[in-house]
Amino acid sequence: MNFLELIWMIPLFPAAGAVAMLLFGKKMPNWLVSIICPGMVFTSFLVSVGAVYQLSSLPERQFEKILYSWVPGASFQMANGQLSNLGADWGFLLDPLSSIMILVVTGVGFLIHVYATGYMSHEGGFYRFFGYLNLFMFSMLTLVLANNYLLLFVGWEGVGVCSYLLIGFYFHKKSASDAGKKAFIANRVGDAGVVLGMFTMLATFGSIRYTNVIAQAGSGNFHIGDAAITAITLLLFIGVTGKSAQVPLYVWLPDAMEGPTPVSALIHAATMVTAGVYLMVRSNILYVLSPDTMAVVAGVGAFTAIFAATIGIAQYDIKRVLAYSTVSQLGYMVLACGVGAFGAGVFHLMTHAFFKALLFLGAGSVIHAMSGEQDMRKMGGLAKKIPYTHATFLVAALAIIGTPLFSGFFSKDEILWRAFISPVGSGILLYGVALITAGLTAFYIWRLMFMTFYGESRVDHHAAHHLHESPPVMTIPLMVLAVLSLAGGWIGWPTVLGGSNHLEHWLEPVLGPGAKILEEHAAHGEHAHSTEYMLMALSVIVAFSGLSLAYYFFIKNRAAGDSIAQKFSGVQKLLENKYYVDEVYNAVFVRGMVMNGGEALSKFDARVIDGGVNGVAWFTRLTSTASMWWDKWIVDGAVRLTALVVNLTSYPARILQTGRVQLYAFSILTGLLIFFSYYLFK
Amino acid sequence: MQSVLPSLFFYALATMILVSAVVTITRRNAVHSVIWLISTLLGIAGLFLHQHAEFLAAVQVIVYIGGITVLFLFVIMLVNLDEAAKKKQFAGQWKIVVICAGALLAELGFFIFKGAEGFYFAEPAGGSLQPNTQLIALALYRDYLLPFELASLLLLVAMIGAVVLAKKDLK
Amino acid sequence: MPPVPTAHYVFLSAALFTIGMIGVLTRRNVVIILISIELMLNAVNINLVAFSNLLQSVNGQAFAIFVIVDAAAEAAVGLGIVIALFRNKETIQADEIDLMKW
C-alpha cells in the first residue's frame, strides 16, 4: 500500500469522527463514542507511521500531495512590480518536520483520547467532548501537513476555535466561559500578525507555498537583514507569541486550565501551543535571514522562560503550576529558535510533548483520585495511595528537570549548549537566564512532587475516604507516556556522548539551507568538547540543587520554608498574583475601554498600590526611615502617574466603544472615503 | 428618434428610482417608507426590462414586491410603531453622515466618468441575451449548480432561523 | 447616438447605494434601516445587470438572482431579530440598543 498517496486521509479520519459525533453523537451510547473517536485517531496514527516509514526511503525525503487548487490564480502585483499568481492549493506536504509533528500529534493524541474515555466517563456531554477533541485533531493535522501558509492558517484558526470550545467545555461555569473568551481574544491579536505576515510574504515572494518561498529566500536574491523579511518574520512572531503563549500574550494559557484535564494535556501542553514553534521552524530560512528578529525571538523566549518559572514557584493549584511550567518550556523552544537551533527546538517540542502530557495526565489522575480537589495544600502523602500515578509522575518530573538519560536532559542541554555558543546576541546572558530557569524548573516541579506525593497527608476527611487509583484505561496511557518520556530523547543522543543524533540528520532537508546561511555569516569559533561536558555537568548540578532546595523546604524543614516566605512576603504576594499582569491588562485593555475614567482609575489605583506597596514594603524596611519619604512620594507618585497615563492613553479607545452599531458602520464609510481620496489625490 | 426614446425611458426611470429612494428613507411613518420602496423597486424592474432582462424583472416584481415588502409590512404591523413615530427620526450623526456620503458619491462619480473615457465600458455592445429565461436557467442549473444548491440551503437556514428568533418562548 | 452609456447605469447604482447608505447610518428605526439595506442590494443588482448587458454574458443576471435570494434570507432573519428585540427591549430605536458597550 502506498501510504504517501494517502496522507490527505490523515486529517480526514478525525474529521469524520467529529462530524459523526456532532451530528449523531447525542443518540450514541458512551461505549460506542469511546470506540469511534480514539479509533479514528489511531487509524490516523497507523497511516502516519506507514507514510513516514515510506518517506524515509525517498531520496529527497519530501512528498507533496495536492488535492485540488483551492484558491485559483488571481494575479496581483508584487512589491517589486512583477506580476504573480495567488495560487493556494488544498495540498499536503510530508517532509521530516511535518512527519515528526504528525507522529507526535496522532501518537500522543491517541493516548490522551484513551485516557479521556476514563477521565470523562462521569461527565455530561461525553459525545460533545470527543467531537470537539476529534475536530481539534483534524485542525492540528491540517496545520502541520499543509503545503502553504494559507492552509496552515486554516488549521491555525481551527485549533483556536477548538481550544475555545474545549476551555469553555463546562460552559455553565462563568470562569470557564470567560477563560475561553480570553484565550480566543488573546489569540486573535496574534492571528492578525500572521495574516499581515502572510500578505507581506505574498508581496515579497509572490507565493505562500513553502517550497516556493524557501527556494526564493535561499536563492541569494535577499541579503541578510532584508527589511521585508524582517517585517514578515516579526509579524509571524506576533502570531507565535499568541499561539505559543509568549510574553506579552501568554496570559490566556494559565486560565485555559479551566478546561477538562485531558484538554490541558493535549491542546495546552503537547500540541496546539507548539504550533507557533512549528511555524518558526517551518520558516527557519526567513528567520536566519533576519538577525534582528532572531534577537527579538531569543530575548522574548528567554524572558518568558524565566518569567513564567518564577510565577510557577508560588502557585498552589496543581494545574496552574504545570501551566506556567508549559509557558516556561515554550520559552525554551522559542529561545532555541532565536539562537538558530531549530533542530533543538523541535527536539524539545517532541520530548516536552511526552513529559508534559504525562505530567498533566498524572495531575488529572491525582485530581480524579482526590474527587476534584486541585489545591496542593490539601494533598500530600499520596505516593502510597496511587502508586501507578506516582511512579509515572516521577518519571516525568525527572525528565523535565533534565536528569541524565531521561528525554528532557538531551533536548534541554542541546538548547543550553546552542544558546551558549549562539552567534545571535549575547550568548552567555541567554545561557545564564536559561540555566537559572532550569534551576527554578527543578524547584517548582519538585515542590509540586513533595507537596502532592510525599510528606504528611493534608487530605481532608471526606476526600480521603474516596481516595482511589484510577482505572487501567487511564493508567496504561500514563505508562506508555512514561516509557516515551524516558526513551524518547534517545533518538537525539548528541555526538559528544557517543551517539549520532538521528534527529538532526533526519531534519537535515528542512533545516539545511537555513543552517548554511547561518554558518556562512557567523564567525563560528571552535568549541572544545570539554566545554560541552562542563556545561552538561553544570546544568545537572543546578537541576539537582533546585531539587534539594525543594526537598529542604517542603519535606525536611517546612518551618524554614515558611519563615523565608514570611520574610519575603512582598515578593511572595507578587508571585502568587502573577506579577499583577492580569490586573494591568484588565485595567488597560478591558476596563479602560469600557468604563468611565474615574472608576477605572480608582480600581487600577487600588490594585497597583496594593501590589506596589506590598512588593516594596520589605525593601523599605531594610532602608529604614529614610525610605518613608521614598515610599510616600516616589512610589505612590509613580503609581499615580502610571494610572494617569493609562487613563489618558486609553481615552481615545474608550470613546470609540459606544456600543452603537450605526457609529461602527459609519467608521466603515469614513475608511472608504479615505481610501478613495488617497487614489483621488495620488 | 428611435435611439432617443430608450434613453429617455432610462432617464425617466432613473429619476423615479432616485426620488422614490430619497423619499423612502425620509418618511416618518414606516408604512409610507415601504410604499415608496415599492415604487423604487418597480422602477428598477422597469430598468431590467429596458435591458432585456425579462426574467429578472419578473423575479424582482414577484419576489421583492410580492414577497419581501409584504414581510416588511407584516413586521411593521407586529411591532408597535406609534411610539417610534413620535420620537426623533434621525440619529445625532446625520449631518456628518450626509456630508461624508455626498463626498463619497462625488468621488465615485468622478472615478466612474473618468473611467468611462479611458475604459471601454462606455459602449454597450449590440444585441441582447435571448432567449433570456432559457439562458438564465442554463447558467443557474449547469454553470452555477453548486452555488445554487448552497443558496437554497441558505434560504432553509434563514427560514428556520427566523422562526426560532421570532418564536415567543423557546422550549 | 448610443442608447445609454453604461457609465450612467453605474452612476445610478452608486447614487442609489449612497442613498441606502445614508438611510442605514442615520435612521433610528431599525425597520427602516433594513429597508435601506434592500436599497443598497438593489443598487448592486442594477450594476450587475448593466454589465451583464454590456458584456453580453448571462452570468451577471445569474448573480443578481443570488443577490435577491440573499436579500430574502437577510430580510427574514433581520426582521426576526427585530421582533425578538422588540419583545425583549421594548424598543426598535437603533441607538437605544447598545449592549455591545459592555
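This is a predicted model: local features need pLDDT of at least 70, side-chain atom pairs count only at pLDDT 80 or more; totals for chains, interfaces and linings use all residues.
## Chain B and its two neighbours

Between chain B and chain A there is one residue pair in polar contact, with both residues at pLDDT 80 or more. The contact itself draws 12 residues from chain B and 12 residues from chain A, and the area buried between them is about 1,000 Å². Carbon and sulfur atoms give 80% of that area. If you want to find the residues that matter for this number on the chain B side, look up B:Gln93, B:Leu104 and B:Glu107, which supply 47% of the area that chain B buries against chain A, more than any other three residues. By class, the side of chain B that touches chain A has 10 nonpolar residues, one polar and one charged.

Now turn to the other partner of chain B. The contact with chain C takes 86 residues from chain B and 74 residues from chain C, and about 7,100 Å² is buried between the two chains. Here carbon and sulfur atoms give 77% of the area. The leading trio on chain B is B:Ile25, B:Gln51 and B:Phe72; together they supply 10% of what chain B buries against chain C, more than any other three residues. Across this interface the rule finds 11 residue pairs in polar contact, both residues of each at pLDDT 80 or more, but zero salt bridges.

Which helices of chain B supply at least two residues each to the side that touches chain C? They are H1 (4-26), H2, H3 (54-78), H5 (94-118), H6 (132-143) and H7 (145-166). H3(B) gives the most, with 12 residues. Sorted by class, this side of chain B holds 62 nonpolar, 17 polar and seven charged residues.

The axes of helix H2 (residues 30-50) of chain B and helix H2 (residues 30-55) of chain C come within 11 Å and cross at roughly 5°. Because angles under 35 degrees count as roughly parallel, H2(B) is roughly parallel to H2(C). From H2(B), the residues making the contact include B:Val34, B:Leu37, B:Leu41 and B:Phe48; from H2(C), they include C:Ile35, C:Leu39, C:Asn42 and C:Val49. In the contact of H2(B) with H2(C), 12 residues are nonpolar, four are polar and none is charged.

A cis peptide bond joins A:Val247 and A:Pro248, with omega about 5°. A:Ala245 has its place in the loop between H8 and H9 of chain A too. Phi of A:Ala245 is near 55°, a positive value in a residue other than glycine.

Terms used:
Residues are numbered from 1 along each chain as its sequence is written. Chains are lettered from A and ligands numbered from 1 in the order in which they are written. Side-chain values use heavy atoms; hydrogens and water are left out. Axes are lines fitted to C-alpha atoms, for helices over the stretch in contact, and angles run from 0 to 180 degrees between N-to-C directions. Helices (H or I, at least four residues) and strands (E, at least two) are DSSP runs, numbered from the N terminus. Angles under 35 degrees count as roughly parallel, over 145 as roughly antiparallel, 65 to 115 as roughly perpendicular and the rest as oblique. Contact means heavy atoms within 4.5 Å. Ala, Val, Leu, Ile, Met, Phe, Trp, Tyr, Cys and Pro count as nonpolar, Asp, Glu, Lys and Arg as charged, and the others, Gly among them, as polar. Buried area is the accessible area (1.4 Å probe) that two parts lose on being put together, summed over both. A salt bridge is a side-chain nitrogen of Lys or Arg within 4 Å of a carboxyl oxygen of Asp or Glu. A polar contact is a pair of N or O atoms within 3.5 Å; within protein, one must be able to donate a hydrogen and the other to accept it, and residues adjacent in sequence count only if both atoms are side-chain atoms.
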